[in-house]
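Here is a short briefing on one protein chain. Look at the sequence and the structure first, then read the points below.

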Amino acid sequence: MSVLIFIIVLAVLILVHELGHFLAAKSAGVRVDEFGLGFPPKVVSWKPENSETTYSLNWIPFGGFVKIVGEDGEEGVVSDPRNMMAKGPLTKIWLLSAGVIFNFLLAWALISTSFMTGLPTSVTPETAGVIGTPTTTLIEVISGSVAADAGLTAGDEIAYIELPQSTDRIENPTVEEVQEFVGARAGEPFTLGYRRLDVITAVEIIPRENVETGRGVIGVGLDFVGLVKLPPHVAVAEGLRTKGELTWAIAVGLIHFIGDAVTGAADFSQVAGPVGIAGLVGDAASRGIVALLSFTALISLNLAVLNLLPFPALDGGRILFVIIETIKGTPIKAKTAQVVNTIGFGFLILLMLVVTISDIVKLF
């Protein structure tokens, strides 16, 4: 089920991206030869009467594609006003950036929808007035920890904690109460009741002793989280603000990672590829529709920021070519652009393979 949900999410993200390029091309009067759902081989295709575009449905359900005349800088008659290469630099940048813009818009829409439905949010002085029924929630579960061995995962809410054969149960404990309770009981079993999808399950936990502090630990990160449900007009504004904050955080993190990669200090174990993301999507889906929408928005933002990098084969790299052409006053040779983009694409595939192997190793 996780794989199926991942395929659907990935298909939607790619389809929205390509839809952006398609609509931008149409708005700029650039010819689009084909717009496809999925990737070949084709299931069926059709061309409406008086239409220049063929629409196709394909077997491989990983998003879609759009064939824009002149997009790859191929040699040809650029005097044709329907050829992208005949357009001015601003129009080219609009066409090349439209996919990223649509990914940003999708993330904004999903985050706003989550706020309207009820988005789990950390309790802060700013949110205390609008947040409802906050609970102590696991925001991180360390692999191999006591909590992980007990089956706890991020997103579980702590309903209660109690000692065996005790009637002194702490219902809906605060973060501080859980930390104090666990810290004082290294090696001593206790019962933890957690809520997942409105079902409460009890597990026995035996905290390990932290060798530095002597206190009990179970290997989790905690936060006091509640649902923020906002009216539509407020949700849209808050969605835009949240999208901006997340985009900035993603961009800063990506820049730091690239810097570490250049110096050889990058930790690829912290990067998820298709296999890792499929698992994360499955985890999000198990938390409900709001968690899945929020995680899909986060992936969409990551794809948008990544695509803006000025690297060959990415939209950002193609935009960089347009800027260089504008500065030098002459177009980059089509063959040169194609070779550079091919090399860049090969590097990206190699990087994906490395990350995927790392994902698989984490499973064992």
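A contact means heavy atoms within 4.5 Å. In this predicted model, residues 24 or more positions apart account for 63% of the contacts with a separation of 6 or more. The points below cover the chain as a whole, then one patch on its surface.

**Confidence**
- The protein chain has a mean pLDDT of 83.
- A pLDDT of 70 or more is reached by 84% of the residues.
- Confidence is highest in helix H2, residues 89–117, with a mean of 93.
- Confidence is lowest in helix H6, residues 274–286, with a mean of 59.

**Overall build**
- The chain contains 9 helices and 11 strands.
- It has 364 residues, and 38% of them count as buried.
- The chain exposes about 19,600 Å². Carbon and sulfur atoms supply 66% of that area.

**A nonpolar patch**
- Seven named residues form a nonpolar patch on the surface: Leu37, Val43, Val44, Trp46, Leu57, Trp59 and Ile60.
- Together they have about 640 Å² of accessible area.
- Strand E1 (32–46) and strand E2 (54–68) each supply at least two residues of the patch.
- Strand E1 gives the most, with 4 residues.

- Leu37 is found in strand E1.
- Why does Leu37 count as partly exposed? Its relative accessibility is 35%, and partly exposed lies between the cut-offs of under 20% for buried and over 50% for exposed.

Note on methods. Residues numbered from 1 in each chain as written. Predicted model: local features only at pLDDT ≥ 70, side-chain atom pairs only at ≥ 80, totals over all residues. Heavy atoms only, no water. pLDDT = per-residue confidence, 0-100. Buried < 20%, exposed > 50% of the residue type's maximum accessible area, 1.4 Å probe, protein only. Areas by Shrake-Rupley, 256 points an atom, 1.4 Å probe, with all protein chains shown as cover. Patch = residues over 30% accessible without salt bridge, like charges linked within 9 Å, V, L, I, M, F, W, Y side chains within 5 Å. Salt bridge = Lys/Arg side-chain N within 4 Å of Asp/Glu carboxyl O.
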